[in-house]
Amino acid sequence: MIELRPVGFPKTFKWGSSTNAQQFEGDSNSGHKGVSIADVRQTASSQANTVASSADFADFKTASDHFYRFTMAWTRIFPNGDETTPNQAGLDYYDAMLTELEKYHIEPVVTLYAYDLPLHLLQAYNGWMDRQIITDYLHYVKTVVTYFKGRVKYWVPFNEQNFLPMDSQYMTGYHGKNKTEIFKMQHYFNLSYAQATVLVHEIDPQAQVGGNIGNICAYPMTADPKDVEATDGLLKRVGYGPADVYFRGKYAPFYLKAFPGADFDQVIEPGDLAVIAKAEPDFMSLTYYMSSAISAQQTDLSHEMNGIKAPNPYVATSEWGWTIDPYGFKHYLEDFYSRYQLPILILENGLGARDTLEADGTVIDNYRIKYLANHIEKMREAVEGGVEMVGYLTWSATDLYSTREGFEKRYGFVYVDKTQQLKRIKKQSFYWYQRVIATNGANLKLTLA
């Protein structure tokens, strides 16, 4: 019987949580791991005044220490990024993680690049500014996908690769000097993504691959057509333009306009567009944290990461100024599904806060429970309305370094006490999410009683 009016989440729906190697692993000198741009990022970021003075990054050398994780570190597999033979200690490192996950029947989702380029490649040829990066990246991809064939079903080649035009320094270690350079790095990301997608399917036909979009739900601030136009422009630059590349295999003319003055003939070589067109992703990997209200009076939206964090006066905000908008999540899911007709895997969704460890050793994070419950409820409405989804992963499984605010901005279900040798303490939200998973999203009550 055809289920025309589904109720709740399907039995195949997957629940979980995410982490990121450069924010979570630490151990920068163990197992012959090489140095990445993440290991030296603090100095450059501090000079650029982009990190809060109290962020406490400690150079990422000691992060959260862990057993479960989300991304693989390129420098664990190839310490310099371009060796012929992989580092066996790095392969063993992730083999141990997968073995532990398999022990508890936890299915892994692996992202292959999340802002942690091997530093050697940046020093050797400016990393993502040179076509050689594609060859080196694909060698890394081929190595890990072949080695872990059959053990990883879901691969994500890049984390939020659409944000590169707004934050090239953070994502690549190189600050693009003009639009041609910015587009060049984005283009090499896109070529690498497309070829990685084909490569994964060739090596492991049972595996699935999906490009990742980091995005918001963007509303016009008013009904003024100028505000609507500004909103449409932002969505094309940050959302639809990159998504057309990942999910349709082509550059839309409106997306190329986001790089005014760029010399595309200098960057795109014969055959490149055919390479991008060959990618056939199995799902969309999306992240969502907030909505924004866009006004034509705002400036430089195409350049600044904070441009997508424009305040929305009609919704509440977190203590970090990020809007809290569950309906925006539903709108975002429905929007992207109607446009691209691919199943959606939510890679990140969560609330960052300054959690407090109480005297009795507990962490009561009702605000996080409320945020997640309301977002999951709207996700359920989207699923019941016909949006096909693979699953939902929160950010994050355990406390880790936030990209800009360090350890004081916590997202996890597990509190990590840096004053007590990284002691783990399960927050109230841990037990709440455990129940959500056990009931397949049916029980979202805010209390545990």
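Biologist: Among contacts in the protein chain between residues at least 6 apart in sequence, what percentage join residues at least 24 apart?

Modeller: In this predicted model, the share is 76%. The chain has 449 residues, of which 58% count as buried, and its secondary structure comes to 15 helices and 11 strands.

Biologist: Why are helices α6 and α8 called roughly parallel to each other?

Modeller: Helix α6 (residues 132–147) packs with α8 at an angle of about 25°. Angles under 35 degrees count as roughly parallel, and α6 and α8 are therefore described in that way. Their axes are 10 Å apart, and the crossing is right-handed.

Biologist: Which residues of α6 and α8 meet?

Modeller: On the α6 side they are I133, I134, Y137, L138, V141, K142, V145 and T146. On the α8 side they are Y188, L191, S192, Q195, A196, L199, V200 and I203.

Biologist: How do you know that α13 and α14 are roughly parallel or roughly antiparallel?

Modeller: The angle between helix α13 (residues 326–340) and helix α14 (residues 366–384) is about 30°. The limit for roughly parallel is under 35 degrees, and α13 and α14 are therefore roughly parallel to each other. Their axes lie 8 Å apart, and they cross in a right-handed manner. The contact involves P326, Y327, F329, K330, L333 and E334 of α13, together with N374, H375, K378, M379, E381 and A382 of α14.

Biologist: Which residues have the most contacts inside the largest nonpolar core?

Modeller: They are W128 and Y137, in a core of 119 residues. Helix α8 (residues 179–203) supplies the largest share of this core, 12 residues. Another core, of 8 residues, lies apart from it and includes V109, L345, L347 and L393.

Biologist: What does W128 touch, not counting residues up to four places away in sequence?

Modeller: Contact requires heavy atoms within 4.5 Å. W128 touches W74, Y113, L117, I133, Y137, F158, T172, K184, M185, Y188, F189 and S192.

Biologist: What makes strands β10 and β11 a pair?

Modeller: A pair needs at least two bridges, and 4 bridges join β10 to strand β11 (residues 423–426). The two strands are therefore paired, and they run antiparallel.

Biologist: Are the faces of strand β10 covered or uncovered?

Modeller: Both faces of β10 (residues 414–417) are covered. V414 and V416 are buried on one side, and Y415 and D417 are buried on the other.

Key
Residues numbered from 1 in each chain as written. Predicted model: local features only at pLDDT ≥ 70, side-chain atom pairs only at ≥ 80, totals over all residues. Heavy atoms only, no water. Buried < 20%, exposed > 50% of the residue type's maximum accessible area, 1.4 Å probe, protein only. Core = buried A, V, L, I, M, F, W, Y, C linked by side-chain atoms within 4.5 Å. Axes fitted to C-alpha atoms, helices over the stretch in contact; angles between N-to-C directions. Parallel < 35°, antiparallel > 145°, perpendicular 65-115°, else oblique. Left-handed = near helix turned anticlockwise from the far one by under 90°.
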